[in-house]
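Subject: Structure handover

Hello,

Here is the structure I said I would pass on. My notes on what was found in it follow below.

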Amino acid sequence: MKFTLGWLKSHLDTDASLDAIVEGLTRIGLEVEGVHNPGEALSSFRVARILSAERHPQADKLQVLSVDAGDGPMQVVCGAPNARAGLVGVFGAPGAYVPGLDVTLKVAAIRGVESNGMMCSARELQIGEGHDGIIELPEDAVVGTSFPDYAGLNDPVIDVSITPNRQDCMGVHGIARDLAAAGLGTLIAPTVPQVAGEGPGPDVRIEDAEGCPAFYAQAVSGLTNGEAPEWMRRRLTAIGQKPISALVDITNYMTVDLGRPLHVYDKAKLSGGLVARKAREGETVEALNGKTYTLSEGMTVIADEAGVQDIGGIMGGEHSGVSETTTDVIIECAYFAPEAIARTGQKLGLTSDARTRFERGVDPAFLDDGLAIATFLVLEYCGGTASGVTRAGQPPVVAKTIAYDPNLAETLGGLAIAPERQKAILESLGFTVTADWQVTAPSWRRDIDGPADLVEEVIRIEGIDHVPPVALPRAPGVARPTATPQQKLERRARRAAAARGLDEAVTWSFISEAQAAPFGGGAFTLANPISEDLKVMRPSLLPGLLAATERNIKRGATSVRLFEIGRRYLEEAERPTLGVVLAGDKLQRNWRSGKAQGFDAYDAKAEAIALLAQAGAPVDNLQVMGEAGDAWHPGQSGTLRLGPKTVLAAFGMVHPSVLKAFDLDGAVAAVELYLDAIPPKRATGFMRPAYTPPALQSVRRDFAFLVPDSLAADQLIRAVRGADKAAITAARVFDVFAGQGVPDGHKSVAVEILLQPAQKSFTDEELKAIADRIVAAAAKQGAQLRG
């Protein structure tokens, strides 16, 4: 939320400097995202008087002016129709940057006449929309004065990030209240005028008490909707809002100033009374942003006899909006249920300043005062006559009283604060504190729920930087390890992935429904998500990694190797998982290998096995089985298992339809390691014996087998390794051949066997016996030894 320093000081009587206020805001939990001074951009412009205005000798629509900006006469060529001798305006000398034109002024000849700068319009300086002529200032404006100083534009704009629980700080007055409590000034209470209405109030009623518990309204007739006062337009412009008309600007000003959204209807455009009701399925409304929205049943709207005129609490309708011809209006000041506002806004994809405040919860006790202030401003700046007030419904003003123990500030918050000081802090924030410490929260603090919230209020105002650091108690003797086996496993896996050249990513645990769909959808969907893109708890780590891959590739990355350790959220439990995505070039093009090489399923398999080995899985016992699932490419993916049921990992190429959903071109390999499926090591209670290298030299033997095409090499390896578990320490495939000399439907698989003697070297007879057992074991898999 943005506001100017001068705006803040209209609510806070303070002598504090800008730096002190900015530091104080962040200290009490209102993080300042930025501060800028809009007047700095116009520091080169000065108040100037036109001494004379003569017709340009070469152009009928131009004039040659003699301008005094405090340094003596300067010649300026100007095309403004209102330029005349004696006019006081704003002058930019050569070297000044004109933001509205995006040009830097310089001495130039215009139709043969030298011009030394320019007289400026409001649009050229981006302080208004006026462009029919140059700015006209009062006659008594002092020539040579800096224009930002004269116009009050040197008013720093403060941008504050308001957390969702601080709905009370969605107005400048609420921020001033916090600063006053922190000792940076005295809060100035808003003046609530007494507006004497004439006659009955407007016809408004409620049919949807759940979505709109209270609907207050007051009419003003015979008004003139001109420009808002200059001070109001200046404040709105400073925070990035475009002044439109007095009526619209007053409602926008109230939204930011007091956190009280309002709406104004042109009474002449309404048919009958107004009613807060549920929308009917398929109803449409053209909103003030020019877009037409189709409503669904359950959305709260404000309607008349002709149809919907307002998406309740979010945005008004174009049809009943005010214009410069408006003379009679109805001012709406309603309370909308935060939950209903959030659901409607998310479903329509519609945001507004009003929605931001209503879905957090505005002050339900401020309807009468808010309406009175708004009506007073309308009468003050637009004229007219006010009607009586119609009050339909009842705002949900419920006093919440909490039993509080002042000792909690120290036991829970870590800071000992005198009870008198705690009481003063709470009362300065609007709380009521009785002698027996029954604390009643103010109506604007719907976030206060228990004693812990009161501790938070006290600590943040007193200063969290005052909380002393306290060492945790430590047991005597040698410190014991605190990491759980699962944490140690994740550490090993993380270090192994980084050591293999993978870059760690941290993605959201929430993804969109579209991202979750290719992976079977999510088991848990948030009813009130921050964003539609963060709605479903992820069923896999791959959606987040694929989205990160897409962002990196679109920003020029040629090779992406990402991994993440996190949780998958399945219906039965949370599952710790390691995800890997390999995309782009595995090897860049070079003079030896030629074209760049991409990743394939074997790269994914290699990563999976290497990471499982480092995580402590018995990789020698792994079996490669089947397809990995619908999100994986059929025929180019698989699973690594210990037996048919224990799946340790899925690996392979990602399905093309999934890649299309994530806007990825080219092949992408991926891995998911299911860390909780890795069997834990048995605790023997004894230290592992020191490694002793074999005393005897190992023996290598090669075997070439003819096997059916359908036989997996992994199956063959496991068979031959089991032929003699005592002697055979390793087996691996080193060649696969199909072609001339190999029968159709078969392939030749060459296997290297490593034999390790224990007590004595192998004899020829022992080696032949082992070889026979290897051949026999292979034969059981349908393999034949090649002659």
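Leaving aside its neighbours within four places in sequence, which residues is Ser512 in contact with? The contacts of Ser512 are Glu532, Asp533 and Val536. Ser512 itself sits in the loop between strand 30 (510-511) and helix 14 (513-516). With a relative accessible area of 10%, Ser512 is buried, because buried means under 20%. Please keep in mind throughout that this is a predicted model.

The largest pocket has a volume of about 1000 Å³. Its lining is made up of 42 residues, and those nearest the centre are Ile127, Gly128, Arg233, Arg234 and Thr237. Two or more lining residues come from each of strand 1 (2-4), helix 1 (5-9), helix 3 (147-151) and helix 5 (230-238). Helix 5 contributes the most to this lining, with six residues. Sorted by class, the lining of the largest pocket holds 19 nonpolar, 12 polar and 11 charged residues.

Helix 6 has the largest share of the lining of the second largest pocket, at five residues. By class, the lining of the second largest pocket divides into 14 nonpolar, 11 polar and six charged residues.

Aromatic rings

Counting rings of Phe, Tyr and Trp whose centres lie within 6.5 Å, there are six aromatic pairs. One of them is Phe336 with Phe358, an edge-to-face pair at 5.2 Å centre to centre, with 85 degrees between the planes. Phe336 is in the loop between strand 24 (329-335) and helix 7 (338-348), and Phe358 is in helix 8 (residues 353-358), so this pair ties together parts that are 22 residues apart in sequence. Phe336 and Phe358 are both buried.

A further pair, Phe703 and Phe705, is stacked, with 6.1 Å from centre to centre and 5 degrees between the planes. Phe703 counts as buried at 10% relative accessibility, and Phe705 is buried with a relative accessible area of 1%. There is also one aromatic cluster, formed by Trp7, Trp231, Tyr253 and Tyr381.

Arginines

Which ring does the charged end of Arg391 sit over? The ring is that of Tyr216, and the charged end of Arg391 is 5.9 Å from its centre. Arg592 lies over the face of Trp591, at 6.0 Å from the ring centre. Arg592 is found in the loop between strand 33 (574-587) and strand 34 (597-598), and at 71% relative accessibility Arg592 counts as exposed. Arg592 and Thr385 are 207 residues apart in sequence, and in space they are 88 Å apart, C-alpha to C-alpha.

Arg701 belongs to strand 39 (residues 699-708). Is Arg701 buried, exposed or partly exposed? Arg701 is partly exposed, with a relative accessible area of 36%. Not counting residues up to four places away in sequence, Arg701 touches Val751, Glu752, Ile753, Leu755 and Leu767. Between Arg701 and Pro202 there are 99 Å in space, C-alpha to C-alpha, and the two are 499 residues apart in sequence.

Backbone

Most residues other than glycine have a negative phi. Gln126, however, has a positive phi, near 55 degrees. Gln126 lies in the loop between strand 12 (118-119) and helix 3, and is exposed, with a relative accessible area of 51%. For Asp663, phi is also a positive value, near 60 degrees. Asp663 is placed in the loop between helix 17 (656-661) and strand 38 (668-674). At a relative accessible area of 45%, Asp663 is partly exposed.

Regards

Technical notes. Residues numbered from 1 in each chain as written. Predicted model: local features only at pLDDT ≥ 70, side-chain atom pairs only at ≥ 80, totals over all residues. Heavy atoms only, no water. Phe/Tyr/Trp six-rings, centres within 6.5 Å; stacked < 30°, edge-to-face > 60°. Helix = DSSP H or I, 4+ residues; strand = E, 2+ residues; numbered from the N terminus. Buried < 20%, exposed > 50% of the residue type's maximum accessible area, 1.4 Å probe, protein only. Lys NZ or Arg CZ within 6 Å of the ring centre and 35° of its normal. Contact = heavy atoms within 4.5 Å. 1 Å grid on protein atoms, 1.4 Å probe; cavity = no way out; pocket = protein on both sides within 12 Å on 5 of 7 lines; lining within 4 Å. Points joined across faces, edges and corners; volume = space filled by probe spheres on them. Nonpolar A, V, L, I, M, F, W, Y, C, P; charged D, E, K, R; others polar.
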